[in-house]
Structures are given as structure tokens and as C-alpha cells.
Amino acid sequence: MKIDVLTLFPAMFAGPLDESIIKRAREAGLLDLRIHNLRDYAHDRHKTVDDRPFGGGPGMLLKPEPIFEAVEALRREQTRVILLSPAGRPFRQSIARELAGCDDLMLVTGHYEGFDERVREQLADDELSIGDYVLTNGALPAMVVVDAVTRLLPGVLGDDDSAKEESFSLGVPGLEYPQYTRPAEFRGMKVPEVLLSGNHAEIAKWRAEQARRQTRERRPDLLT
Ligand SMILES: C[S@@+](CC[C@H](N)C(=O)[O-])C[C@H]1O[C@@H](n2cnc3c(N)ncnc32)[C@H](O)[C@@H]1O
């Protein structure tokens with residue numbers, strides 16, 4: 001998969017996407033991630049990317065020209081162009097799965113008060129929000145999307161089943177079951193007996209019940 005990111009803060013991406021699973025996916029050629037500086041597409045002396053909103057109001061908006069030029073230069077026919085914005089549709093695991101099936105994504109990140117509306121109207125195939133709160137710019141949301149999508153690409157996780165048996169992926173909408181590792185008893189707290197029994201049918205039944213219970217107790221909204 002190829003992912004292009006358009007940002008004013010390329011340096012923010014060094015670090016989070018150079019560690020662990022995502023680092024290995026990039027080294028193995030499973031993810032081709034390219035970070036582009038929006039300022040490279042501004043051509044005046046000061047490399048201006050923002051301007052005051054028509055009609056007044058606080059803050060600055062990203063101008064359309066550099067974004068249009070960058071997206072038009074970088075996108076291919078099959079590229080899905082996604083704006084990161086608090087006004088987008090809520091990003092969830094089902095959307096991460098959908099995006100993992102694409103070959104080519106472009107994540108366009110904002111800053112200041114966001115984008116000139118014509119960017120959304122004309123350039124974007126989709127608009128995603130990572131939650132109902134406002135961040136200073138779209139670099140962290142873009143990294144969230146890159147991470148969530150990349151780990152679903154075939155071959156990225158050591159065991160591809162890991163992504164099937166986890167929260168939001170168990171067939172019914174819901175959370176994962178509780179898990180334990182050694183020691184079987186720690187400070188008087190014992191691991192549930194059934195997990196030590198070796199009885200796979202009983203373990204599967206217990207896990208399904210626990211997943212339903214956790215979802216009911218912690219995220220009942222997922223069941224409605
Ligand atoms: C300060 S925010 C702009 C907020 C905008 N004025 C509004 O009220 O919706 C600047 C940029 O950060 C990114 N951003 C902030 N919060 C986000 C969120 N929850 N999800 C996705 N992107 C977000 C977007 O790219 C946005 O253009």
C-alpha cells in the first residue's frame with residue numbers, strides 16, 4: 001500500500017512511524033509511506049499557505065492553491081484522497097478495514113482553522129475525524145489512520161489472526177475478552193480456571209461470554 005501525507009509538519013512523523021510494527025512494515029515494503037510538506041507547493045517569497053477568512057472571524061485558513069496543486073501533482077487515478085477534520089465521519093475499525101483494501105491513499109492534514117471549503121468540495125473523496133475533540137493540526141490524526149490501517153495489511157502482524165480476534169473485529173460489534181499471561185497466580189489474583197483447562201471449546205465459550213459482558217458494561221453504545 002502507498003500512503004501519501006500532506007502536512008505542514010513533516011518532522012512530527014519521524015519517530016511514531018519509525019518504530020516497531022510500522023517500521024518493519026515499511027522496511028518489508030508492505031507500506032510505502034511518503035510525507036510531503038505543503039509549503040513546497042506555495043510559491044511566493046514567504047511560502048504562504050494561509051490567509052484570513054472572508055467574512056471575518058478568528059484565525060487563519062489554509063488557502064486552496066497549494067493544496068490543489070499538491071494533490072493534483074501527487075494523486076494517481078486510483079488514489080483515495082482523505083481530509084482529516086473534526087467534521088469528518090468518525091474513524092472506526094470498520095473504516096480502517098475498508099481503507100486497508102485500497103492500494104493508494106492520500107491523507108490531507110489541516111492546521112489553524114482548517115481548510116478553505118473548496119478543498120473539501122472538490123478534492124476530497126472522504127473526510128475522517130478521529131474523535132470529538134479538536135487538535136492543533138492533522139499530523140496526529142493522520143498517524144492514527146496510518147497505524148490502524150497498516151496493521152491490517154496482510155503480513156504486517158506476525159500472526160494475521162491477531163487482527164481478527166480483537167476489539168471491534170469479533171463478528172459482532174464489541175470489545176475483546178480479557179486476557180492473562182503467566183504467572184497463573186499473582187498477589188493472590190488467580191487466572192480463571194477455564195483458561196488453564198486446555199479445553200478449547202470451553203475457552204472459546206468463556207471468551208465469547210466475557211466479550212459480551214465487557215461490551216455491555218463498558219461500551220453499551222456499541223450494541224445499539
Ligand atoms: C484546529 S483544527 C481546525 C478545527 C476547525 N476549525 C473546526 O472547528 O472543525 C486544525 C486541523 O487539525 C486537524 N484536526 C483537529 N482535530 C481533529 C480531529 N478530531 N480529527 C481529525 N482531524 C483533526 C484537522 O486537519 C484540522 O484542519
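Tutor: Let's start with a cut-off: a residue counts as buried when its relative accessible area is under 20%, as exposed when the value is over 50%, and as partly exposed in between. Keep in mind that we're looking at a predicted model.

Student: Fine. Why is Ser-129 called buried?

Tutor: Its relative accessibility is 3%, and the limit is under 20%, so Ser-129 counts as buried. Ser-129 sits in strand β7.

Student: What is Ser-129 in contact with, leaving aside its neighbours within four places in sequence?

Tutor: Ser-85, Pro-86, Gly-88, Arg-89, Pro-90 and Phe-91. Contact here requires heavy atoms within 4.5 Å.

Student: And what makes Gly-29 exposed?

Tutor: Set its 56% relative accessibility against the cut-off of over 50%, and Gly-29 counts as exposed. Gly-29 belongs to the loop between α1 and β2 (32–37).

Student: On to charges. Why do Asp-126 and Arg-89 count as a salt bridge?

Tutor: The N to O distance between their side chains is 2.7 Å. The rule asks for a side-chain nitrogen of Lys or Arg within 4 Å of a carboxyl oxygen of Asp or Glu, so the Asp-126 and Arg-89 pair passes. Asp-126 lies in strand β7 (residues 126–129) and Arg-89 in strand β5 (residues 80–90), so the pair ties together parts that are 37 residues apart in sequence.

Student: How are the two partners classed, buried or exposed or in between?

Tutor: Asp-126 has a relative accessibility of 10% and counts as buried. Arg-89 comes in at 33%, which makes it partly exposed.

Student: Which residues form a network of salt bridges?

Tutor: Arg-80, Arg-89, Glu-98 and Asp-126 are linked in one.

Student: How do you know that Glu-166 and Arg-151 form a salt bridge?

Tutor: Their side chains meet at 2.8 Å, N to O, and the limit is within 4 Å. Both residues lie in the loop between α5 (139–150) and β8 (185–186), so the bridge ties together parts that are 15 residues apart in sequence. Glu-166 is buried at 14% relative accessible area, while Arg-151 is partly exposed at 23%.

Student: What about Asp-221 and Arg-219?

Tutor: That's a salt bridge too, at 2.9 Å from N to O. Asp-221 is partly exposed at 44% relative accessibility, and Arg-219 is partly exposed at 30%.

Student: How many salt bridges come out of this rule?

Tutor: The count is 14.

Student: Next, what makes a group of residues a nonpolar core?

Tutor: They must be buried residues of the nonpolar kinds, joined through side-chain atoms within 4.5 Å. The largest such core has 32 residues, and Ile-3, Phe-91, Leu-99 and Leu-107 have the most contacts inside it. At least two residues each come from β1 (2–7), α1 (20–27), β5, α3 (93–100), β6 (104–108) and α5. The biggest giver is α5, with seven residues.

Student: What does Phe-91 touch, not counting residues up to four places away in sequence?

Tutor: Among others, Ala-96, Leu-99, Leu-128, Val-144 and Ala-148. There's also a second, separate core of 19 residues, including Val-49, Phe-68, Val-71 and Leu-74.

Student: Last topic: what volume does the largest pocket have, and which lining residues are closest to its centre?

Tutor: Its volume is about 430 Å³. Of its 26 lining residues, Leu-84, Ser-85, Pro-86, Gly-114 and Phe-115 are the closest to the centre.

Student: Which elements supply the lining of the largest pocket, and what classes does it hold?

Tutor: At least two lining residues each come from β5, α4 (117–122) and β7, and β5 gives the most, with five. By class, the lining has twelve nonpolar, nine polar and five charged residues.

Methods. Residues numbered from 1 in each chain as written. Predicted model: local features only at pLDDT ≥ 70, side-chain atom pairs only at ≥ 80, totals over all residues. Heavy atoms only, no water. Helix = DSSP H or I, 4+ residues; strand = E, 2+ residues; numbered from the N terminus. Buried < 20%, exposed > 50% of the residue type's maximum accessible area, 1.4 Å probe, protein only. 1 Å grid on protein atoms, 1.4 Å probe; cavity = no way out; pocket = protein on both sides within 12 Å on 5 of 7 lines; lining within 4 Å. Points joined across faces, edges and corners; volume = space filled by probe spheres on them. Nonpolar A, V, L, I, M, F, W, Y, C, P; charged D, E, K, R; others polar.
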